Amino acid sequence: MGARNSFAASNCFNVLFYMGQPPQYNSSNSFEVPLVPGNPYLNRRPRRGCFPGCFRNLGCLITLAILLVLAIGSYTTFAHSWPIFGPTTITVSTHPTLVINSNVYAEVDQPTIRIHAGKDANKMTFQVMSPGNVDLPWSFGVGEWQQNSDSSVIVLGSDPVWGRTFDATVPVDTDVKIYSDSANISLTGLTGQVDLVSNNGSITLTSCHVQGTSLLNDNSGTIMVTRSTLNGEAALSNNNGTITFNSAIGSTGSYVFENNQGSIDVTLPQSATFHVDAKAVNGSISTNYPGVQVQNNEAHANVGTNPRAVVTLNSDNGTITLHKGA
Amino acid sequence: MMYNYNVAPQTRRRRRNPLPGIIVLLLLVGGVAFFAHKVQAGNVITIDAGTTLYIADCAGYVRIHPNTSSNQVELQGLGDAFVSSQRAQDSDTMIINGCNLDMTVPASVNLNITADDIEVFGVSGQMNLSANGGPIILEQDTLKGQSKLDNNGSPIFFQGSLDSAASATFSANGGNVDISLPTNAAFHLKVSGILDTVTTNIPAVASAVADPNNDAPDVTVGSSPRPTLTLELNDSPVILHEG
């Protein structure tokens, strides 16, 4: 039986590679049964286990067809939303709201949530880059999201920050609400209300038009707002990190800058008109506005003519700097 | 020793019957189809009007959307197809023994849920929602009765309205509270605890929270009837927004 099994198993191999001219064997090799004329296993056709033979078998074809149908059906019904299948695109209504919650904690090498404006007013596209901090030549999508009935609110499920960078392209007019433990938050080119809270990640706004009641709140990260505009009521508050604001404010509304240990550095345009109330409990206040006098670590003054916004600067132990921009 | 290989085979090769294999495959496909149908059809629970859905100790998420029925709760998804439920003996409470649930519920239903991550869209009712670590997100909801949203460390996002007779409490420990109410909403606001930054576009509230001598702002906004909105804060930043 040993000879039969050995020979049967190698028959396909012989046919494929020796083209009908098997090697010659001598009498001292391991074959127990001599390969003599009349041996039923000589010149057998390939067995069904051999790949080319598979296509002669109806069962194999049916199996392949069923597997193909199952694969296509699985992908179209649910697997297409798996993160492995690349960037995720969602159709949204006009002026949507994006809500993200991230509990990823990292003291160093923090991930980034990057939100920027796209050209399409009704599409959001999400992608995760470098999952596990490993650079890969492709990006991933997000696995889960929830939306309300009119697609005006998109809530990303689970924690989308499972890579080095979570990148979202959203309509220009989008409200953004993000709660992050460690991820840095970066918004670019958006118009809308923002509610951005981070524990030790940074919060950066660049070229944004913040409208409505907005909040940028951090614990130990930095808050930086540049080339942007605040309109309405907005508060930037920090505990240990710095606040750097080099942007414009509306002619009305209330703008609050608060810090506990960190510094506050605010630069406003020359044309800004506002009433300022500044107080540094244990720190100092400096300004180059000629009409703003500092007395006892406090400053209260009007800048420009009516209408005036109200600017509040409060620090417990940090310094406050108010610049008149170029 | 040389052999002559050019000899015709002496036996006929028997073909294996493919029928048993095909039958096994069909059974397999049938099983998969049944499972897929079960998952797609969902796990439907019938409830009465006024029922409270109760989910306790869920170390995962609960996501709720409204459906068009008035008395059916549907658990969707792969794992939810076999979640069990039972009606409590002494009350109008439906206990759902599951976690990581995607549910659709009647648009008017009461909720009592403890989970890590709670999202409720388009539902009206009394809600007692408690989360520890994850967010509580309510969009286009109406809070009725004695409702309480309690989060320990993570944010509460609420965009919706308060029923005129509601008494809603938002309790936060460090996480931010973001409340968006309809334009000209009337309410009686009570704030207690340690206030962080409060940002609002409601003048009466802005004045009250700006007063350094007022540790517990108590403000009425709009005309009667006014629901009560209580904020219990522990160093939690707040956005209170109308419109």
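Me: Is B:Ala204 buried, partly exposed or exposed in this model, and why?
Reply: The model is a predicted one. B:Ala204 has 14 C-beta neighbours inside 10 Å. A buried residue needs 20 or more, and an exposed one has 12 or fewer. The count of 14 therefore makes B:Ala204 partly exposed.

Me: Which residues does B:Ala204 touch, not counting those up to four places away in sequence?
Reply: B:Ala204 sits in helix 2 of chain B, which covers residues 203–210. Leaving out residues up to four places away in sequence, its contacts are B:Val219 and B:Val221.

Me: How far apart in space are B:Ala204 and B:Gly222, C-alpha to C-alpha?
Reply: In sequence, 18 residues separate B:Ala204 and B:Gly222. In space, the C-alpha to C-alpha distance between them is 9.7 Å.

Me: Is chain B a compact globule or more spread out, and why?
Reply: Chain B has two helices and 17 strands. For its 243 residues the globule rule gives 18 Å, while the radius of gyration is 28 Å. The C-alpha trace spans about 110 × 50 × 30 Å along its principal axes.

Key
Residues numbered from 1 in each chain as written. Chains lettered and ligands numbered in written order. Predicted model: local features only at pLDDT ≥ 70, side-chain atom pairs only at ≥ 80, totals over all residues. Helix = DSSP H or I, 4+ residues; strand = E, 2+ residues; numbered from the N terminus. Contact = placed C-beta atoms within 7 Å. Rg over C-alpha atoms; globule rule 2.2 N^0.38 Å.
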